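Work through the exercises below on aromatic rings and their neighbours. The model is predicted.

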Amino acid sequence: MLIDSFGRHITYLRISVTQRCNFRCLYCMPKIPFDYVPKEELLSFEEMFVFVKELIDRGVKKIRISGGEPLLRKDLSVFIKMIKTYKNDIDLALTSNGFLLKDYAKELKNAGLERINISLDTLDSKKAKKLAQKDVLSSVLAGIEEAVSCGFKVKLNTVALKGLNDDELISLLEFAKNKKMQIRFIEFMENIHAYGALRGLKKDEIIKLLSQKYTISLIKKDEFAPVSLYSANGYEFGIIDPHSDAFCKSCNRIRLSAEGLLIPCLYHEDALSIKEAMRSKDIEKALQILVKVLENKPEKNEWKLNDNQISKRAFYQTGG
């Protein structure tokens with residue numbers, strides 16, 4: 001079993017398979033060049049898989065693959081099939097911007113993937129182009145349709161932003177409701193890589209806007225994640241509140257970056273690399289590094305809403 005210094009059992013691994021993305025979203029990486037990490041700097045899928053097997057053997061039950069945009073990484077379906085072949089009942093999910101899903105959904109389904117979270121911040125093509133700095137909406141919507149037709153369980157992720165999509169939250173909720181999907185509204189996570197003029201909506205502001213049409217009531221707070229589930233006249237949706245540390249006491253996750261960094265907490269800079277160990281096929285050394293990372297996992301995040309902190313973490317590197 002994987003247990004940190006506060007007695008929390010680590011059962012959830014998030015893997016960022018690439019930093020690259022085909023969007024330049026204002027809230028994430030608007031000024032980052034398109035190609036900036038040489039392929040040879042990344043762990044191969046074979047190297048990742050050797051390490052992932054060890055974590056599965058030690059109790060990891062859930063794996064989420066993210067990026068950047070994970071579908072930009074060649075042979076992603078091969079990696080997914082490796083994991084599912086090794087542990088068929090592993091809870092394996094993907095987070096994507098949806099732009100390439102129309103072409104890859106069937107391949108991913110055949111490899112064993114079952115769940116996909118897709119970013120959808122607006123239903124207005126002009127707003128989508130402004131947010132992503134690219135004409136993306138029609139391809140994203142086509143990707144959502146293809147994912148549904150392939151039998152995936154789909155959730156939608158929406159970053160709630162003042163002056164950009166705050167007038168669409170009800171429409172987005174109804175879009176998801178009509179397609180029998182869960183939508184999760186995400187508070188904007190302030191970071192130095194984002195467009196500086198952005199301002200996000202907080203949980204209470206999101207609820208206030210939705211309450212203009214729906215009766216909103218809390219269903220439950222997720223014990224292991226910063227998401228709270230609500231009912232809008234019987235339709236279940238989520239709000240992700242990353243500024244809270246209420247979920248930290250039961251946090252069950254660690255992260256692995258494409259370059260081999262093991263990251264104990266999204267909101268801390270502490271990370272150790274297993275790349276050298278995996279390149280030299282020294283799995284024992286990699287596991288020793290894992291032990292240190294678990295020892296370094298903080299009791300709770302230090303990102304307080306009233307401190308006006310801006311994270312230095314590049315979320316596209318860690319799947320945030």
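**Exercise 1.** Find which residues ring pairs link into a cluster, then classify the pair of Tyr 230 and Phe 237.

Solution. Ring pairs join Phe 185, Tyr 230 and Phe 237 into a cluster. Next, take burial: Tyr 230 and Phe 237 are both buried.

**Exercise 2.** State how many aromatic pairs there are in the model, and describe the pair of Phe 49 and Tyr 86.

Solution. The count comes to 5 aromatic pairs. One of them is formed by Phe 49 and Tyr 86, with 6.1 Å from centre to centre and 90 degrees between the planes. Planes over 60 degrees apart count as edge-to-face, and the Phe 49 and Tyr 86 pair is edge-to-face. Now place the two residues: Phe 49 belongs to helix α1 (residues 45-57) and Tyr 86 to helix α2 (residues 76-86), so their pair ties together parts that are 37 residues apart in sequence.

Then check burial. Buried means under 20% relative accessible area; Phe 49, at 15%, counts as buried. Tyr 86 has a relative accessible area of 37% and is partly exposed.

To finish the classification from Exercise 1, compare angles with the cut-off: planes under 30 degrees apart count as stacked. The planes of Tyr 230 and Phe 237 are at 25 degrees, with ring centres 5.8 Å apart, so this pair is stacked.

**Exercise 3.** Which ring face does Lys 109 lie over, and which does Lys 134 lie over?

Solution. Lys 109 is over the face of Phe 152, 5.1 Å from the ring centre. Lys 134 is over the face of Phe 99, 4.4 Å from the ring centre.

Technical notes. Residues numbered from 1 in each chain as written. Predicted model: local features only at pLDDT ≥ 70, side-chain atom pairs only at ≥ 80, totals over all residues. Heavy atoms only, no water. Phe/Tyr/Trp six-rings, centres within 6.5 Å; stacked < 30°, edge-to-face > 60°. Helix = DSSP H or I, 4+ residues; strand = E, 2+ residues; numbered from the N terminus. Buried < 20%, exposed > 50% of the residue type's maximum accessible area, 1.4 Å probe, protein only. Lys NZ or Arg CZ within 6 Å of the ring centre and 35° of its normal.
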